[in-house]
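Visitor: I'm new to this one. Can you walk me through its salt bridges?
Guide: Happy to. Let's bring it up.
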Amino acid sequence: MEFEKIQKDAIAEWEAGGNKKPDIDPSVLKGQVRISLNNCGLIDPENINHYVARGGYSGLARALKMEPEDVIKEIRKAGLRGRGGAGYPAADKWSACLKQEGREKFLICNAAEGDPSVYIARTLFESDPHSILEGMLIAAYASGAAHGFIYINNEYVQAVARIRTALEKMKGMDLLGEKILGSKFRFEIEIRESAGALISGEETALLNSMDGKRATTSIRPPYPEESGLNGKPTVINNVETLAHASAILQKGADWYAGIGTEKSKGTKVFVLAGHVKSPGLVEVPLGTTVRKLVYEIGGGIPDGKALKAVQVGGPTGGFL
């Protein structure tokens, strides 16, 4: 199926539903720049046409007209770093996997969350699953993978249900399986549910868990891109990273590189919780100060009290 027809039909359905100018109260977005959260609250996450009507899968359509190496160059030009914590350049992971010999390669979306009060992956999959799934397809095409997995906490019942719905809709629109959008690219996605342990989010522990072993960390090298799942080359990206990959291919590397700092491009989603007036999930450009997060976006401390400390990084982090 040609993407242009998919997009035309999706826009027609979107407009027929009276959704010509989807928007959100600007006061809610004060100080935010939304990439991962761009569609959250504005679309029906179970309706693939809503995602397509807002530019969804145009990034994949663009990628499939490029060589894998050129897709990697676009991601490198954008400056996308992994949002899982280490900040490793996504382009380097994809390139390392692409260069490995052998035809069987894997891609894993790391949606494991173990930190208390952290629900970024859950929210994104519940509110906008296709942005992550499109990112998986783009990453798989660029890295040479033909099979993907979503490793997600088993208590995320609604998120898993929406992923299953999304995958079914994708199959009906030639966005999954053989000859995706009429190309030679093929890709399948499976869901693997984890027990939700904190350590499972670390990529070597994740691989051990998926291999049927205890979720314990392993010494590197070898890195997953060299020897990962079942000993095969494997790319592991987290949910936010993949959502950003979709946006980059949709809007271009120059647009993305214009957000953030000189060394850290793009945005980051934060869980703003605790004693602030307006807690919640927020997305800001990298380089945003803690003061802005707490006082401008979070509204400050209730009852005019002074800020004593901010805990960052969950139980393994520290206090500022």
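Visitor: Which side chain meets Lys-232 in a salt bridge?
Guide: That is Glu-104, at 4.0 Å from N to O. Keep in mind that this model is predicted.
Visitor: Where do Lys-232 and Glu-104 lie?
Guide: Lys-232 is in the loop between helix H9 and strand E4, and Glu-104 is in the loop between helix H5 and strand E1. So the pair ties together parts that are 128 residues apart in sequence.
Visitor: Is Glu-104 buried, exposed or partly exposed?
Guide: Glu-104 is partly exposed, at 44% relative accessibility. Lys-232 is partly exposed too, at 32%.
Visitor: How many salt bridges are there in the whole structure?
Guide: The search finds 14. One of them joins Glu-46 and Arg-162, at 3.5 Å from N to O.
Visitor: What does the pair of Glu-46 and Arg-162 tie together?
Guide: Glu-46 sits in the loop between helices H1 and H2, while Arg-162 belongs to helix H8, so the link spans parts 116 residues apart in sequence.
Visitor: Is Arg-162 buried or exposed?
Guide: Buried, with a relative accessible area of 18%.
Visitor: New topic. What does Arg-164 pair with?
Guide: Arg-164 forms a salt bridge with Glu-193, and their closest N and O atoms are 3.5 Å apart. Arg-164 lies in helix H8 and Glu-193 in strand E3, so parts 29 residues apart in sequence are tied together.
Visitor: Which residues do shared partners join into one network?
Guide: Lys-93, Glu-202, Glu-203 and Arg-220.

Methods. Residues are numbered from 1 along each chain as its sequence is written. This is a predicted model: local features need pLDDT of at least 70, side-chain atom pairs count only at pLDDT 80 or more; totals for chains, interfaces and linings use all residues. Side-chain values use heavy atoms; hydrogens and water are left out. Helices (H or I, at least four residues) and strands (E, at least two) are DSSP runs, numbered from the N terminus. Buried means under 20% relative accessible area, exposed over 50%, partly exposed in between (1.4 Å probe, protein chains only).
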